[in-house]
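Please look at the structure below before reading on. The numbered points that follow are notes to check against it.

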Amino acid sequence: MEQKEVTAVATQGRYNSSDWVSRYLLLHSDTGQAWKRYRQDDSVWRFVGNMNSEAAVQNKLSHSVKTRFLRFVPLDWNPSGWLGLRVEVYGCFYKSDVADFDGRSSLLYRFNQKSMSTMKDVISLRFKSRQAEGVLLHGEGQRGDYITLELHRGRLALYLNLGESPFSSRVAVTVGSLLDDQHWHSVVIERFNKQVNLTMDSHTQHFQTKGEGDSLEVDYELSFGGIPLPGKPGTFLRKNFHGCIENLYYNGINIIDLAKRRKPQIYTVVINLSFFICLFICLYTES
């Protein structure tokens, strides 16, 4: 079964009966074994169900879920009847470019010029891993600019500096916990001058970068999945990422798609790096 993007669910009671569910939880999983509860407003969400057996009640998800399996967990039901549940699941057409990193590989996106200076950046990706440590992306410049996104002790840490500033004074903005759970997590970094929004799984943290400038100046390349040691392919400065990265975009550029098409902007430091594409269907229904 392929993964789908779920945007809404609907429930009904058992036909022509006194059996229906009035409140339930929604769980999702990629494996059918490890389940994750649907959360909204930073808490496990309890969905409102039915008041009779015939009327369908639809609940639109505030944020969509990309998953292979769904589980409905009844919490309350008609006290004069029993459990009765018919369900329908709605979704959207979804294209996915995925790279599988083995912990010894990385992708390098090389600029057309010696350095790239930007006042505004948008970087987005999804990842899943069983490792609590690993670099997702890194770039740096000679004047002291740098950007690093990594998993550290199961949390997501972003280091970002614009211009000359002592490296020892860097501050990591961290979000999430226990992210080495083999579930997909979405990340968006939005920067305009010094103002930055870091969003993970629909939770946004706003902060202001350190440094003297307003632009991020990165020399030569951005690396994804690790920080290769210059001149030594397969050797990395820090522990690199072991897991999957999906739909990786840097300022509108689909990095994984470029790599799959062997475009010259992409250089791979490869031990075992594989690519695949998933095309998810529009509507998935269970009754």
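1. L156 and its neighbours. Leaving out residues up to four places away in sequence, L156 touches F127, L136, L149, E150, L151, V173, T174, V175, L179, V187 and M200. Touching, or contact, means heavy atoms within 4.5 Å. This is a predicted model, in which local features need pLDDT of at least 70 and side-chain atom pairs count only at pLDDT 80 or more, while totals for chains, interfaces and linings use all residues. Residues are numbered from 1 along each chain as its sequence is written, and side-chain values use heavy atoms, with hydrogens and water left out.

2. The cores. Which residues have the most contacts inside the largest nonpolar core? They are F127, L149, L156 and V187, in a core of 39 residues. A nonpolar core here is a set of buried Ala, Val, Leu, Ile, Met, Phe, Trp, Tyr and Cys residues joined through side-chain atoms within 4.5 Å. Buried means under 20% relative accessible area, exposed means over 50%, and partly exposed is in between (1.4 Å probe, protein chains only).

3. The whole chain. The protein has 1 helix and 25 strands. Helices (H or I, at least four residues) and strands (E, at least two) are DSSP runs, numbered from the N terminus. Of its 287 residues, 46% count as buried. Among contacts in the protein with a separation of 6 or more, 74% are between residues 24 or more positions apart.

4. The largest pocket. Its volume is about 790 Å³. The lining has 33 residues, and K36, H63, W184, H185 and D201 are the closest to the pocket centre. Two or more lining residues come from each of β2 (21–29), β3 (36–37), β4 (39–40), β7 (57–67), β17 and β19. The largest share, 6 residues, belongs to β7. By class, 7 of the lining residues are nonpolar, 16 polar and 10 charged. Ala, Val, Leu, Ile, Met, Phe, Trp, Tyr, Cys and Pro count as nonpolar, Asp, Glu, Lys and Arg as charged, and the others, Gly among them, as polar.

5. The cavities. Rolling a probe the size of a water molecule over the atoms shows where empty space is left. On a 1 Å grid over the protein atoms alone, a cavity is a set of points where a 1.4 Å probe fits but cannot get out, whereas a pocket is an open set with protein on both sides within 12 Å along at least five of seven lines; lining residues have an atom within 4 Å of a point. Grid points are joined across faces, edges and corners, and a volume is the space filled by probe spheres set on the points. The count comes to 2 cavities of 30 Å³ or more. The largest has a volume of about 50 Å³, and its lining consists of F111, T118, D121, I123, I147, L216, V218, L222 and Y250. Elements giving two or more residues to this lining are β11 (106–118), β12 (120–129) and β21 (216–224). With 3 residues, β21 gives the most.

6. R110 is found in β11 and is partly exposed, at 37% relative accessible area. The C-alpha atoms of R110 and Y220 are separated by 5.8 Å, although the two residues are 110 apart along the chain. Beyond four places in sequence, R110 touches Y220, E221, Q265 and Y267. Beyond four places in sequence, K128 touches D30, Q182, H183, W184, F241, G243 and C244.

7. Strands β18 (residues 195–200) and β19 (residues 203–208) pair in the antiparallel sense over 6 bridges; two strands pair if DSSP finds at least two bridges between them. N197 has H206 of β19 as its bridge partner. The hairpin has 2 residues between the strands, and D201 takes a positive phi near 50° there. L178, which is not a glycine, also has a positive phi, of about 50°. L178 lies in the loop between β16 (172–175) and β17 (185–192) and is exposed, at 65% relative accessible area.
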